Amino acid sequence: MRLVRSHTKVIATLGPASNTREVMYQMIEEGVDVFRLNFSHSNQEEHKKCIQIINSLNEELHTNIAILADLQGPKLRIGEVENNLIEVADGDLLTFVTEKCMGTKEHLYLSYQQFPHDVEIGDTILIDDGKIQLEVTETNRHDKVKAKVIHGGPISSKKGVNLPNTDISMPSLTLADIDNANFAIENQVDWVALSFVRSAKDILDLKELIASKKGHAGVIAKIEKPEALLDIDKIIDAADGVMVARGDLGVEVPFDQVPLIQKQIINKCIWKSKPVIIATQMMESMITNFRPTRAEATDVANAVLDGADALMLSGETSVGKYPAGVIRNMQKIIDYTEANTENSNGFPFNREHAPQEHTNNFISNSICYNAYKMSQQTGAKGIINFSHTGYTAYRISGHRPVASVFSFTNNRTLLRKLQLVWGVRAYYYDKLDDIDESINYTIQFLKDKGLLHTNDAVIHIVGTPLWEKGQANMMKLSIVP
């Protein structure tokens, strides 16, 4: 088992290749921090089994591996096609219908009842991540849309459909999403991701649902629609975390814009101390190959250097041949990149953003900022905080300090949630009665684990009075005895 975890966290999607106890154990050994349940695939019964295995492994291994439930959102798909494969050629005419049928070269079922009403002549239709492109030529505004094939090729059953030019009227939180969200909340998952977010209201709607069920899960906004980019600042403010979902994003917006969009969103999230995840095709070739391509290794390293909180694997671990091996390889790239930053201007570390005056959290933010600055000046090995809500841990993490961030909390639900956050390691502690005793205890605890050593400088952040849950307002610099 890895004793020292990297600052950058690893998320692995579970599926047929990885949903057994043995494989999950191997993946935890290799460095996974969060398991993702993809509600676009598998059913609730299968997800329930995975949740039980994760909980059992956490208990056995004394770990806090988190669970992320990823809702499908209004994902558009075609229906079944003849023999599971048809071929369309450039110039062919194809009719999309809203009544279920077996697809042929002439007509396809599309799971979007409002499609004929919402679409306009000239709009683009993309199938299978943009591999097939069509242009709308006619709509009856009721149940049929005709389109001309611009770039043809093979189409198999249930492939995804993107409409980059169409203003979709479907809600971001579908009936299926609500059912799956309720299931996730009942099973106490730590994070819920909402797909195809278009505005901050989509996030607030899901938060309201979670609150109504007395759930504790944080909400992650998946950025994959052009509309989301127009409302990105408000979305980041409303969400507890953000995912740059490059698969659909790279189809919905011009692909050449995706790299800069990724960097801009990461920077915005770091500035606001919100966790940010980079997803899709990070190690795609390892679905079938035992090692990644050079381009994929560079992609992973660049996401680390950009300062992403977590990197997510999808098909690589859910259906790939080497689910534990891909974790090992990704972790090797992360470890080497973080340990050798002198050739990259110090990134991903030291993202300085001073607190803004006259804000509700000015005192706490000032303490966190100055703890970060002091860790730079003293070469401190750790910044230790006591937190009930996690705010202090998020805020310190947002500065991307070289020092490790150790968070001690009496809130058990926070232990797993913080697994997603850059550089943070969380431990349970509920005896915050005396400052000096608590400081001494945490130093000895981390020393016993081999995470601190004699003569290391360490910084503590505390909120006083101790018996009141409030903002951090005190810090102390110590030397490990």
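The secondary structure of this predicted model comes to 16 helices and 22 strands, where helices (H or I, at least four residues) and strands (E, at least two) are DSSP runs numbered from the N terminus. The radius of gyration is 24 Å, close to the 23 Å given by the globule rule for 481 residues, so the protein is as compact as a globular protein of that length; the radius is taken over C-alpha atoms, and the rule is 2.2 Å times the number of residues to the power 0.38.

**Conventions**
- Local features need pLDDT of at least 70 and side-chain atom pairs count only at pLDDT 80 or more, while totals for chains, interfaces and linings use all residues.
- Residues are numbered from 1 along each chain as its sequence is written, and side-chain values use heavy atoms, with hydrogens and water left out.

**Overall dimensions and packing**
- The C-alpha trace spans about 75 × 50 × 45 Å along its principal axes.
- Of the 481 residues, 56% count as buried, meaning under 20% relative accessible area (1.4 Å probe, protein chains only).
- Among contacts (heavy atoms within 4.5 Å) with a separation of 6 or more, 68% come from residues 24 or more positions apart.

**Asp 231**
- Asp 231 is found in the loop between α6 (226-230) and α7 (232-238), and, leaving aside neighbours within four places in sequence, Asp 231 is in contact with Arg 198, Ser 199 and Ala 200.
- Although buried, Asp 231 has no salt bridge (a side-chain nitrogen of Lys or Arg within 4 Å of a carboxyl oxygen of Asp or Glu), and the nearest side chain of opposite charge, Lys 234, is 4.6 Å away; Lys and Arg count as positive and Asp and Glu as negative, with His and the chain ends not counted.

Technical notes
Buried means under 20% relative accessible area, exposed over 50%, partly exposed in between (1.4 Å probe, protein chains only).
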